[in-house]
Amino acid sequence: MPQIARQGGKVARVKNPDAPRIPGGLRAAEMPRDDFEDDAIVKGLLFDGEHLIGRDVEALEVDGCAFENLRFTGTRLVRSQISDSRIVTCDFAEVSAQDVSFIRCTVTGSRMTGSSWKAGTFRDVTFENCTIAPAMFRNTKLYAVAFIDCRMSGADFQFAEMHNVRYVNCDLTGGQFGNVKMGTVRFENSTLLDVGGVSFFKGATVQGPGSMELALSLAREVGINFE
């Protein structure tokens, strides 16, 4: 059963994500010179207002970059890594990612509707004011990840592994958590209506109104009817 945090009670501490180490003096990206391609190494660039729609890329390495106002719509990424980067107001709708890692990144004000991030790794990543409704994170590993003020209804975390993960003021209505492995995970003032896989929340801490919503979801899973 999940822990329900109460005033004066013991509260589990969650490690905050490390900030990205972005170098100063980023060079403005130039197309097609700096486009995403198989086996490309992209470092120290500022992508602003460019579009990377419908790319099909494997073994891409991105390091120390900033992405602002970009559309990645419909792009496919396989066995790639994005590290020490800042992503602001970008569109990842319908992106298909397989075995993709995000390391020390911030994602702000961005849209991930209909995207799929299977069997990847998110380490030291902060998502803030993002629309992630719905998105799929099946079989994904999340270490030191914070979701803050995000719309995440219907997000699918089945078979994911979570350690030091925080959900703060997020709408997780209808989220799926079946077969999740939870380490230190906190849900703070988040909406947890009709969540699936509640029996896998063992060890999690729930603070705020979501605690009652989670209890109702658990009752429904075990077949309890209320009249």
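A contact here means heavy atoms within 4.5 Å. Among contacts in the protein with a separation of 6 or more, 13% join residues 24 or more positions apart.

**Before selecting anything**

This is a predicted model, in which local features need pLDDT of at least 70 and side-chain atom pairs count only at pLDDT 80 or more, while totals for chains, interfaces and linings use all residues. Residues are numbered from 1 along each chain as its sequence is written, and side-chain values use heavy atoms, with hydrogens and water left out.

**Whole chain**

Start with a cartoon view of the protein, which has one helix and 17 strands. These are DSSP runs numbered from the N terminus: helices are H or I with at least four residues, and strands are E with at least two. Next, colour by pLDDT, the predictor's confidence in each residue, from 0 to 100. The average is 89, and 87% of the residues score at least 70. Select residues 3–9 to see a stretch where pLDDT stays under 50; the model has nine contacts beyond four places in sequence for these residues.

Then colour by accessibility. Buried means under 20% relative accessible area, exposed over 50%, and partly exposed in between (1.4 Å probe, protein chains only). Of the 227 residues in the protein, 48% are buried.

**The cavity**

A cavity is a set of points on a 1 Å grid over the protein atoms alone where a 1.4 Å probe fits but cannot get out; lining residues have an atom within 4 Å of a point. Grid points are joined across faces, edges and corners, and the volume is the space filled by probe spheres set on the points. The whole structure holds one cavity of 30 Å³ or more, and the largest cavity contains about 80 Å³ of space.

Select Phe36, Phe67, Phe72, Thr75, Leu77, Ile82, Ile87, Phe92, Val95, Phe102 and Trp117 to show its lining. Strand β8 (residues 76–88) gives the largest share, three residues. By type, the lining has 10 nonpolar residues, one polar and no charged. In this count Ala, Val, Leu, Ile, Met, Phe, Trp, Tyr, Cys and Pro are nonpolar, Asp, Glu, Lys and Arg are charged, and the others, Gly among them, are polar.

**Salt bridges**

Side chains of opposite charge can pair when their charged atoms come close. A salt bridge is counted when a side-chain nitrogen of Lys or Arg is within 4 Å of a carboxyl oxygen of Asp or Glu. The count comes to 15.

Select Asp35 and Arg55, a salt bridge whose closest N and O atoms are 3.0 Å apart. Asp35 lies in the loop between β2 (27–28) and β3 (41–43) and Arg55 in the loop between β4 (45–48) and β5 (56–58), so the pair ties together parts 20 residues apart in sequence. Asp35 is buried at 17% relative accessible area, whereas Arg55 is partly exposed at 21%. Leaving out residues up to four places away in sequence, Asp35 touches Leu52 and Arg55.

Move on to Lys43 and Asp63, which form a salt bridge at 3.9 Å, N to O. Lys43 is in strand β3 and Asp63 in strand β6 (residues 61–63), so this pair also ties together parts 20 residues apart in sequence.

Where do Arg166 and Glu188 lie? Arg166 is in strand β14 (residues 161–168) and Glu188 in strand β16 (residues 185–188), so the pair ties together parts 22 residues apart in sequence. Glu188 is buried, with a relative accessible area of 11%.

Finish with Arg27, Glu30, Arg33 and Asp34, which salt bridges with shared partners join into one network.

Terms used: On a 1 Å grid over the protein atoms alone, a cavity is a set of points where a 1.4 Å probe fits but cannot get out, and a pocket is an open set with protein on both sides within 12 Å along at least five of seven lines; lining residues have an atom within 4 Å of a point.
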